[in-house]
Amino acid sequence: MTLIVTAITLTLLTITAYARYSNTANLSVTLTYSSTYGAECGGTVNGYSGATISDGSLVLKDSSGSVIKSWTGLSSSTNTLNVGKVYDGVSKGSTYTLTLYATVNRNGTSEDVSVSTTQKYN
């Protein structure tokens, strides 16, 4: 007689809850790579109706955390900021982090927001 033992492994899923912003509807950032442009860096900040966006910056860092490129002075007099930039000084096989920072202003209050992504250039 053969006894078969099956092991069951449980994987715990960790879900991180983000604090809801009072002025900001949503944030997103994208980092992709192409042989033509290098790093394609994009981001969006959507404020609620009546918001404006100031002090925006898009920052690209290498795997050691050193800033290799930044775009500053980004702003919008409307409630949406869309940013799209390219940077050709990236190397295949390396990992980079892109962070979008902004201040969203609405109804006399301001809140600092940020969102990041980390991607390897394959």
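How many aromatic pairs does the structure hold? In this predicted model, the structure holds 2 aromatic pairs. The close-ups below take them in turn.

**View 1. Tyr33 and Tyr96 make a tilted aromatic pair.** Take a look at the two rings: their centres are 6.2 Å apart, and 50 degrees separate their planes. Tyr33 belongs to strand 1 (residues 24-34) and Tyr96 to strand 6 (residues 95-106), so this pair ties together parts that lie 63 residues apart in sequence.

**View 2. Tyr33 and Tyr121 make a stacked aromatic pair.** Here the ring centres are 4.5 Å apart and the planes meet at 10 degrees. Tyr33 sits in strand 1, while Tyr121 is found in the segment after strand 7 (109-120), so the pair links parts that are 88 residues apart in sequence.

**View 3. Tyr33, Tyr96 and Tyr121 come together as one aromatic cluster.** Are these residues buried or exposed? Tyr33 is buried, with a relative accessible area of 18%. Tyr96 is buried too, at 6% relative accessibility. Tyr121 has a relative accessible area of 9%, and this residue is also buried.

Terms used:
Residues are numbered from 1 along each chain as its sequence is written. This is a predicted model: local features need pLDDT of at least 70, side-chain atom pairs count only at pLDDT 80 or more; totals for chains, interfaces and linings use all residues. Side-chain values use heavy atoms; hydrogens and water are left out. Rings of Phe, Tyr and Trp (its six-membered ring) pair if their centres lie within 6.5 Å; planes under 30 degrees apart count as stacked, over 60 as edge-to-face and the rest as tilted. Helices (H or I, at least four residues) and strands (E, at least two) are DSSP runs, numbered from the N terminus. Buried means under 20% relative accessible area, exposed over 50%, partly exposed in between (1.4 Å probe, protein chains only).
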